[in-house]
Amino acid sequence: MNNPPSAIALGGCGCLSTPPFIPRYILLAGDERRVKNGDSISPFLTNHVILIVDLTFPKMLIYEAKLKGTEDQYRLIDEMLRTGLFVRNKALRYWIDNPGVNGMDLNKYCKVLADNPEFPWVKKLNSMARQAMAERAWLAISRFFSNCQSKTCIKRSRNPSEKKGYPRFRKLQNRASIEYKTCGWKLSSDRRYITFTDGFKAGTFKLWGTRDLHFYQSKQIKRVRIVRKSDGYYAQFCLDYERKEKHNPTGKNLGIDVGLNHLYTDSEGKQIENPRFLRKAEKSLKKAQRKLSRTKKWSKNRSKARNRLGRKHLKVERQRKDFVVKLARALVQSSDLVAFEDLQVRNMVKNHHLAKSINDASWSMFRSWLEHFGKVFDVTVIAVPPHYTSQNCSQCHQIVKKSLSVRTHQCPHCGHIQDRDWNAAINILNKALSILSKISENTVGQTGINASGEIGQYLEKEIPPGKSTRRKRKSKEQSLESPAIFGTPN
Ligand SMILES: [Zn+2]
């Protein structure tokens, strides 16, 4: 962009564990206020600089390494994970029994638990790790509260009490994790071994991974997470480090339209196949699932079968991530502006016929990696409101109604003929460009360049903010409007 907009927006960080966005601070020339998702901010846009900051782990980088140790050490980690979950569930029980307690009270309650002689194992866990588990309980509680306020149902459960996501007790599953902050662990001087020093005395593990921790100061490591997956135990290091890489301007602005047949179509007409890893693995997953269900409960074979199934799922997950990360990186590197639709994937997944395909297309992951690389390379990545992107004609801007099965855009007004998704991608790019020019017109004080994330949705005047948008998208027609679903194009 020649004319940098002055609004800076930082979206989700795009790391391994980006929690759902929502609470953000909007800073208006020193004034700070919490804005609920969907609140309109456009009145302020006229003469203030707006800064949207994501509250969840800004500037965090996560490195993962496999932990190599003995069977006995792994059993100790299992103990630690079980204790962590115990603390979380106890904290939740405390909140249920004592209405009105807050996050701080739960933190204090950890100490009470640790001093309780009935549960000697709690004391063995590092105090900060205990608190981190209480924080998780509090996270579930506050998510429930904010769901109640925003009147949305996130759970697809049939039980109405769970519709709002009422926090539940967790049981220990294959996948589990525990989080240390700045103490309870120690890295060796060559950064190849990690020792856990709390009461469980799990000892020293070798770190297996491609990433070198040498580049970072140990005080940059803010959190260490132990994660159990189907294929072993991992340590994740959350580093306080902002990655920046040089971007050579390419002079290319791209709009992309995501779909099911093709992962995306860009405004130059290029299409990327959707690899559908889940569909491909489905046969073997089903087989593993059948084997699991034939085993006896609590038997050794059952846990083996469960593990085998888990590893297969893990493979699909990794394939997806690998594909999406590489694609997002290449896309950001090859252009100066990337625009995409601000789709509410969560609502679209509610359509059970398409849920699997939509999840398999991994749009949300693609999006958060796009935003991440946008920040790394200082490339503008912008989400635009998805309305009418596939109905408008990219040449004459008239609305041309068409159903989902119509794969080619044919304009009766100007005679323009183009592939449906290609046409949509051009519309998306045009929308993004008009939004960006509005921002640079409307703001004084040029401060930053990187407009990434969700500014777009608040800016278009014709879009009513908040609830009404949501309600609109619930209807089938609207929510399925943009992605390509039936048949193959052309
Ligand atoms: Zn036309």
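Alanine 176 stands opposite arginine 228 in β10. Strands such as this one, E in DSSP and at least two residues long, are DSSP runs numbered from the N terminus, as are helices, which are H or I and at least four residues. Before going on, a word on the source: this is a predicted model, where local features need pLDDT of at least 70, side-chain atom pairs count only at pLDDT 80 or more, and totals for chains, interfaces and linings use all residues. Residues are numbered from 1 along each chain as its sequence is written.

Back to the strands. β6 pairs with β10 (residues 221-229) in the antiparallel sense, over five bridges; two strands pair if DSSP finds at least two bridges between them. Isoleucine 178 has isoleucine 226 of β10 as its bridge partner. Isoleucine 226 in turn has a bridge partner in β11, alanine 235. Eight bridges hold the antiparallel pairing of β10 and β11, and a hairpin of two residues joins β10 to β11.

These strands belong to an open sheet of seven, in the order β6-β10-β11-β5-β9-β8-β7, with antiparallel pairing. At its edges are β6 (176-180) and β7 (185-187), each pairing on one side only. Neighbouring strands in this sheet are turned by 30° against each other on average, direction ignored. The angles I quote run from 0 to 180 degrees between N-to-C directions, and axes are lines fitted to C-alpha atoms, for helices over the stretch in contact.

What packs on the sheet? Helix α2 does, touching β6, β9 (203-208), β10 and β11 (232-240), and its direction makes about 85° with that of β6. Contact here is defined by C-beta atoms, placed from the backbone, that lie within 7 Å.

Helix α2 (residues 71-97) also packs with helix α3 (residues 103-115), at an angle of about 115° and with the axes 10 Å apart. From α2 the contact takes Val87, Lys90, Ala91, Tyr94 and Trp95, and from α3 it takes Leu106, Tyr109, Cys110 and Leu113. By class that gives eight nonpolar residues, no polar and one charged. In this count Ala, Val, Leu, Ile, Met, Phe, Trp, Tyr, Cys and Pro are nonpolar, Asp, Glu, Lys and Arg are charged, and the others, Gly among them, are polar.

Now a second sheet. It is open, has five strands in the order β14-β13-β12-β15-β16, and its pairing is mixed. β14 (271-273) and β16 (380-384) each have a single partner strand, so one side of each is left without a neighbour in the sheet. The twist averages 20° from one strand to the next. Strand β13 (residues 262-266) runs antiparallel to β14, joined by three bridges, and tyrosine 264 has isoleucine 272 of β14 as its bridge partner.

Next, helix α10 (residues 363-376). Its 14 residues reach 20 Å from first C-alpha to last, close to the 20 Å expected at 1.5 Å a residue, where the expected span is 1.5 Å times one less than the number of residues. Why is α10 described as largely enclosed by the rest of the structure? Because twelve of its 14 residues are buried. Buried means 20 or more other C-beta atoms within 10 Å of a residue's own, with C-beta atoms placed from the backbone; exposed means 12 or fewer, and partly exposed lies in between. Among the buried residues are Trp363, Arg367, Glu371 and Lys375. After α10 comes aspartate 378, whose phi is positive, near 55°.

Last, the chain as a whole: 14 helices and 18 strands, with buried residues making up 31% of its 490 residues.

Definitions and conventions: Contact = placed C-beta atoms within 7 Å.
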